[in-house]
Amino acid sequence: MSAQAERKTENLPQWKKEEVDELAELIESYESVGIVGITGIPSKQLQDMRRDLYGTAELRVSRNTLQVHALEDAGLDELVSHIEGQVGLVGTNENPFSLYKELEASKTPAPINEGEVAPNDIVIPEGDTGVDPGPFVGELQSIGANARIEDGSIQVMEDSTVLEAGEEVSADLSNVLNELGIEPKEVGLDLRAVIADGVLFDPEDLDIDVEAYESDVATAAARARNLSINASYPTAATAPTLISKATGEAKSLGLHAAIEDEDLMPDLVSKADAQLRALAAQIDDEEALPEELQGVEAPAAEPAADAETDDESADEDTDAEADAADDEDDDDDDDAGGGEGLGAMFG
């Protein structure tokens, strides 16, 4: 607490000091502290909201001047500018994004009264109002709704914007909306700002699409993994894939170069057998062939493996190369029939 703030607190009456102390205790007890607007919330509904927050956050309503004293004493001067009108302090150990999401979800529709400012465009929807023919049709028309009597009731012929956001609600409009049961505003705790770990968050910072954000992070992670693999940059996450990719490429090279390695011999034998069968099938004079190769048909052609890679996905990029190598091995195995023909020919 600064010396100036301490002097201000010392000049307060005892009951105000005690109130400031209680507010200070709330501020010190939680990792995140914010300011919430409570304008227009009935006392009973405010109590219900406070109860619903129990276990997640704590709400404390006090005089604005005392809240200012408590915030200044705690060094949270950045929140002071948000204390205007009817407000309260909220403390929580949840992260600010969770707090904002919970407060927004707790808001409920409510009627709007004369003199209030419309928070958004007010629209009277198309359809049957359920009101019998009478003077009410004139009231609807007077506020700008396209309404007329049809099929024995008052109908709104199209969606009608009767007030734009930021404009003041008239008595006539308020009466019409109440008659139709339209509740164009939401009532709830309006988070104005919150400080967590010394960082100030405004509602605009907290109003994010969590699913879209998670999708963006997942996409970024996949692209980073793809870049790491294509650049042969080993990390804990990509090393197994790089090793598998290198193993497949080494095996493919060994088969094409006919390197007589112990691990490659079964595949080389199968490949040679398939080539021999293909050659035998090209000879018209079967008598010129050993008995074991007479009547041999050419191996059926296998469809070419689709080795096209996807630059957007690291998994598809590396799997395509591995699949290409495996398909080549499978072609050799299938064509050779397990290598029995070559083995039989040479005993």
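This is a predicted model: local features need pLDDT of at least 70, side-chain atom pairs count only at pLDDT 80 or more; totals for chains, interfaces and linings use all residues.
Author: Residues are numbered from 1 along each chain as its sequence is written, and side-chain values use heavy atoms, with hydrogens and water left out.

Reader: What makes residues 64-73 a helix, and which of its residues are buried?

Author: A helix is a DSSP run of H or I with at least four residues, a strand is a run of E with at least two, and both are numbered from the N terminus; residues 64-73 are helix H4. Buried means under 20% relative accessible area with a 1.4 Å probe and protein chains only (exposed is over 50%, partly exposed in between), and Leu66, Gln67, His69, Ala70, Leu71 and Asp73 of H4 are buried. After H4 comes glycine 75, with a positive phi near 75 degrees.

Reader: How do you know that E6 and E8 pair?

Author: Two strands pair if DSSP finds at least two bridges between them, and E6 and strand E8 (residues 153-156) have two bridges in the antiparallel sense, so they pair. Aspartate 128 has glutamine 155 in E8 as its bridge partner.

Reader: Why are E6 and E7 said to stand at the edges?

Author: The open sheet of three strands runs in the order E6-E8-E7 with antiparallel pairing. Strand E6 (127-128) and strand E7 (147-150) each have a single partner strand, so one side of each is left without a neighbour in the sheet.

Reader: What makes a space a pocket, and what is the volume of the largest pocket?

Author: On a 1 Å grid over the protein atoms alone, a pocket is an open set of points with protein on both sides within 12 Å along at least five of seven lines, and lining residues have an atom within 4 Å of a point. Volume is the space filled by probe spheres set on the points, which are joined across faces, edges and corners; for the largest pocket this is about 430 Å³. Its lining has 17 residues, with Thr39, Pro119, Glu186, Val187 and Asp190 nearest the centre, and the largest share, three residues, comes from E10.

Reader: Which helices supply the lining of the second largest pocket?

Author: Helix H5 (96-105) and helix H9 (210-230) each supply at least two residues, and H5 has the largest share with five. The second largest pocket has a volume of about 190 Å³.

Conventions:
On a 1 Å grid over the protein atoms alone, a cavity is a set of points where a 1.4 Å probe fits but cannot get out, and a pocket is an open set with protein on both sides within 12 Å along at least five of seven lines; lining residues have an atom within 4 Å of a point.
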